Structures are given as C-alpha cells and as structure tokens.
Amino acid sequence: MDKNVKLPGTPYSSDDFKKGKIPYVEDVPKARYTWSAGIAMSRFLEELKNGRIVARKCHECGRVYVPPRMFCSYCFRPTDEWVYVKDTGRVNTAVVSYIGADRGKLGEPLVVAVIELDGASEGMGILHKLGNVDPEDVKNRKVFNMRVRAVWKKPEEREGAITDILYFEPIE
Amino acid sequence: MRMNIHFKNRVACIGAGLTLFRRRLFETPRELAWEAAKQALENAGMELKDIDCVVFGSAPDAFDGIHMQGEYMVDGAGGYKKPFTRVYVGGGTGVFSVIAGWWHVASGLCDKVLVVAEEKMSPALPHPQYVFHHIFDPITDKPLGVNLIWIFALEMHRYMYKYNIKKEDIALVSVKNKRNALDHPAAQLGAKITVEDVLNSEVLVWPVQRLDISPVSDGAGALILTSEEYAKQYTDTPVWIDGVGWNLDTTYWTNRDLAFPKYLYYAGKMAYRMAGIHNPRKEIDVAEVYDPFDYKELHHMEGLQLARKGEAPILTREGVTERDGDLPINPSGGLLGVGNPIAAAGIMKVAEIFWQLRKEAGKRQVAKDPTTGLAQAWGDLMQIGTVVIMRV
C-alpha cells in the first residue's frame with residue numbers, strides 16, 4: 001500500500017471534544033473490588049505485620065518463591081515448605097519515575113527497583129521503592145547490584161500490606 | 001517441544017486493509033472495524049458472503065470501557081451469523097489474531113477467514129495509561145502506585161546495564177522508525193527527528209523519555225486468509241504464512257530475566273521450525289518487530305535471533321536495519337511512527353510484510369528483493385511473543 005492511498009478515519013482533537021463539537025456520551029463506572037488474598041499471599045501479608053518476609057520452597061527443583069505461591073510453576077506440583085527470606089538483598093534494576101500511576105507529574109522523583117532478596121532463588125525479585133538513593137546514582141548505573149535493606153513501618157502502624165515496607169535503602 | 005508441522009492446508013494471506021491511526025478517531029469501534037474489513041475484502045476481491053469464519057482481536061476492554069468487546073464488535077467485524085472468535089493476549093493480540101486465523105485454515109476447519117483487529121484507546125480519561133494500572137497484581141504491585149512505564153523502564157535499564165548500551169544508540173531506533181513512517185498512509189507520528197531530540201525530550205521514567213515511546217492511538221486493520229486452493233482462485237500473488245509461534249513467560253514479571261526476552265526466543269524457535277528456517281539472521285529478509293518502545297525493537301531482534309545478545313544496537317548504528325540495509329527492521333515505521341492502536345498495530349505489521357513481499361509498499365519498499373519476512377508482537381504483562389513468518 002503506497003503512501004498516497006487515502007485511508008478511512010476522521011481525526012479530531014481533545015479541543016473539539018471540550019468545545020462540544022463532537023457528540024458524545026459520558027459515564028463513570030463505579031466499580032469496586034475486594035480481592036481475597038488467597039492461601040499463599042494471606043500468610044505473606046500476615047508475616048509483613050511481623051516484619052518478616054515469607055516464601056515457599058519447592059523440594060523438587062529447590063526454588064524459593066517470593067512472592068510465595070502454593071504450587072511450583074516449573075514442576076507444576078505443590079510447593080512444600082514455608083521459609084523466611086531476609087529483608088536484605090541487592091538491586092537487579094532500578095529507575096527514576098517522574099510520573100505517577102495516572103500519568104500526572106510527581107512532586108519529587110521516585111526511585112523504584114526490582115530487588116533480589118537474600119535467601120530467595122536467583123532472579124526471584126520483588127518490586128519496591130528505594131529510599132535515600134540519589135537519582136544520579138540510578139542514571140550512572142551505580143545502583144545496579146547495590147546492597148539494600150528494608151525500612152519498615154513501626155509495628156503498630158503495619159496493616160498487612162506490601163506498603164508495611166516503606167522502601168529499601170542502601171546498606172552502608 | 002514436539003510439534004506437528006504437517007497441516008491439512010497451507011495458508012495464504014490474500015488481502016489487507018487499514019484505517020488511519022490517530023490519537024482520536026471520531027468513528028465508533030464498530031465503524032472502524034467495518035472500514036478495515038471492507039477494505040481487506042475489496043483488496044482480496046471478496047464479499048462477506050464468501051467468508052467462512054471471522055477472528056477478531058482487541059486489547060484490554062478497559063480502554064474503550066465496553067466490557068464485552070468481542071460480542072459488541074461482531075457486526076462491525078463481519079462476524080454476524082458466522083463462527084466468530086475473539087482472541088486476546090494484550091499487545092500480542094494483533095499478530096495472535098492472525099495466528100488464530102491461520103489455525104482455522106491450516107486445520108481444514110475453514111477455507112476463508114476474515115481477521116479483524118480494532119482499538120480505541122482514546123475514550124479512557126484522564127489518560128489511557130491509568131487503565132494500565134489495573135493490569136498489575138492488586139496485592140504486590142498496585143499499592144506501590146505502579147505506572148506501566150515503570151516496568152518497561154526497569155527492563156530497558158537492565159538491558160542497557162547488562163550489555164553496556166548507550167541511550168544514544170537506542171534513540172536511533174526512534175529516529176529511524178519515525179522517519180520510515182513519513183511514507184506510510186496510516187501514520188500518526190511520521191517525523192524527521194534527531195537523536196538529540198529524543199535525548200532532550202521529557203523524562204518520564206528514567207531511562208524512558210517521551211520520544212522513546214509510541215503514542216496512544218485509535219485504529220483498525222484487517223486481513224484475509226485462505227487455503228491454498230482458494231488463494232489461487234482469487235489471486236496470482238498470494239503470500240504464504242509458513243510459520244507461526246507463540247509463547248508466554250510468567251506473569252510474576254519481577255522473577256524474569258529482564259535482559260533477554262525468553263518468551264520470544266521460544267516463540268521464534270517454534271515459528272522457525274515450522275517454516276524450516278535454520279539461520280534466521282540470513283534467511284529473514286525483512287522483519288516487523290514489535291516496537292512500542294525503541295529499546296524493544298533491539299530486545300526483540302535479539303530474542304528472535306536476528307542479532308546476537310547485545311548486538312542489535314550495533315547493527316542499528318551501522319545502518320543494517322534501515323530500508324536499504326541488509327536486514328530492514330520496521331520499514332513501515334512501526335508503532336513508534338505509524339502509531340499503536342494496540343491490536344490493530346499487530347495487523348499493521350503483518351500487512352506491511354504482506355505488502356513488502358508483494359512489492360506493493362511503494363516508497364517504503366525495501367532495497368533488497370525480499371522473499372521471506374517476519375512479523376511479531378508482544379504483550380500481556382511483558383510476557384508473550386507472537387510470531388508469523390511469511391513467504392512468496
């Protein structure tokens with residue numbers, strides 16, 4: 001198909017839309033959800049309240065899963081054992097976010113990372129924020145393989161959520 | 001994997017249609033699908049009554065807010081009172097809908113299939129990116145305020161770190177694809193830009209900047225697939241689909257190797273085996289690899305064995321992937337240039353290979369004489385590779 005073929009479609013701008021030049025209808029769905037956490041993640045969330053990170057181990061392949069799951073994705077059999085992994089680890093990859101979930105600008109840039117926890121199988125990372133890390137050290141890639149530890153909320157403020165860990169920070 | 005590579009029917013592509021790709025199109029999803037389907041039928045010399053069954057693809061329902069997309073689209077996609085299937089694998093959907101069309105014909109179940117893909121991302125407010133927030137795990141990821149671009153930035157940065165790749169080299173992909181798109185009739189963002197423009201564009205999530213990313217788009221595309229017997233009745237220039245492959249990695253994306261797309265390596269291997277391709281780098285003449293981000297073109301070239309690990313940026317810098325190069329990649333302009341109406345973008349890629357192999361790409365025609373081409377898409381939570389290999 002050559003460049004000069006005229007294709008169907010009628011473009012319009014967001015301005016046309018705001019000025020009412022485009023007939024439209026609008027609706028805001030008020031959907032709410034409650035997600036039961038399930039067998040593996042309920043225990044994981046409970047343990048976060050205790051300041052501990054719990055994983056599941058498969059005895060067949062030896063993998064230690066974080067976040068935990070009751071079945072082994074590789075062996076497709078039940079995992080066998082609850083094991084604790086440390087709240088320390090190293091940074092697999094990290095970035096500096098200037099935007100939030102809704103694409104709006106953040107006031108302060110946020111550093112987020114995939115962190116491989118000590119005691120979990122190699123490559124078994126989790127997503128979390130990094131604190132006390134200079135964005136420049138992300139850009140110059142010093143952050144890769146950096147040793148980090150979890151900074152927890154005070155015990156009485158924990159609620160059994162991934163955010164019971166405030167962020168991970170460098171181990172001096 | 002053991003695999004049956006002996007099928008009842010060899011499958012041909014004999015027609016293609018597209019709408020414009022734009023940030024906002026006034027037409028409804030049904031109207032867009034109809035326009036693309038009508039054009040593909042006309043291109044093949046067919047009418048809807050000649051079609052046995054219809055395959056439709058579109059990405060998350062949440063974009064256009066109609067949570068029954070397949071059924072809603074049946075009339076516009078030409079599926080009314082026919083065997084009609086909607087397939088969905090996120091961004092991989094466009095190429096996957098072609099794979100689903102292929103198995104309808106290859107199995108002998110149908111002879112003539114209409115494949116349609118449509119996407120309207122524009123209805124979602126305040127920005128379609130927020131819809132992506134809801135694809136993440138509600139327990140481990142969403143409470144952290146995750147934005148879709150985080151995971152791409154994390155992957156891009158790991159890839160850059162592992163192979164010591166510079167942003168300048170990655171930006172060359174965006175420069176090439178936007179320039180290629182100047183010659184595409186559907187293109188939303190064809191432009192002459194420089195590496196400096198990319199590096200000076202707004203930083204969204206370092207290392208991802210605004211010009212590293214494909215746009216939000218509306219659009220539709222359609223293809224006609226038939227068995228060999230019917231292909232020869234309708235055209236002297238069928239393009240054969242000689243290999244298909246797809247593969248999914250884990251949804252626990254933080255547990256994956258982010259520097260190398262294994263899902264695509266396996267999907268490619270499946271398609272190459274079916275097509276009898278032993279050395280992809282030598283045997284593939286032209287490829288449309290999935291490029292919603294510039295680094296993804298490079299990442300995917302390596303997953304498809306079109307470059308060695310870490311080598312794709314070097315090939316790009318040397319001009320190998322330009323239209324007049326030895327291995328033209330995304331001569332259409334890709335998602336970065338033509339636009340990214342998710343499922344429709346995958347169809348656009350297959351259509352480009354169809355036109356390239358028929359030498360109907362006009363100004364976009366690659367310099368070499370291509371006989372084997374590849375189109376690929378990627379999606380779900382960065383975890384699926386979908387591949388088709390086409391020949392004349």
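By buried I shall mean under 20% relative accessible area, by exposed over 50%, and by partly exposed anything in between, with a 1.4 Å probe and protein chains only. Please note that this is a predicted model, in which local features need pLDDT of at least 70, side-chain atom pairs count only at pLDDT 80 or more, and totals for chains, interfaces and linings use all residues. Residues are numbered from 1 along each chain as its sequence is written, chains are lettered from A and ligands numbered from 1 in the order in which they are written, and side-chain values use heavy atoms, with hydrogens and water left out.

Let me turn to the salt bridges, each defined as a side-chain nitrogen of Lys or Arg within 4 Å of a carboxyl oxygen of Asp or Glu. Over all chains, the search of the whole structure finds 32 of them.

In chain B, B:K167 pairs with B:D212, and their closest N and O atoms are 3.1 Å apart. The two come from distant parts of the chain, 45 residues apart: B:K167 belongs to helix α6 (residues 167-181) and B:D212 to the loop between β6 (208-209) and β7 (218-227). Helices here are DSSP runs of H or I with at least four residues, strands are runs of E with at least two, and both are numbered from the N terminus.

A second bridge in chain B joins B:D369 to B:K359, at 2.7 Å from N to O. Both residues lie in the loop between α14 and β10 (372-379), so the bridge ties together parts 10 residues apart in sequence. B:D369 is exposed, at 55%, while B:K359 is partly exposed, at 45%.

In chain A, shared partners join A:R43, A:E47 and A:R52 into one network. Within it, the closest N and O atoms of A:R52 and A:E47 are 3.2 Å apart. A:E47 is buried at 5%, whereas A:R52 is partly exposed at 38%.

Finally, helix packing. In chain B, α3 (residues 93-106) and α14 (residues 342-357) pack at about 65°, their axes 6 Å apart. Axes are lines fitted to C-alpha atoms, for helices over the stretch in contact, with angles from 0 to 180 degrees between N-to-C directions.
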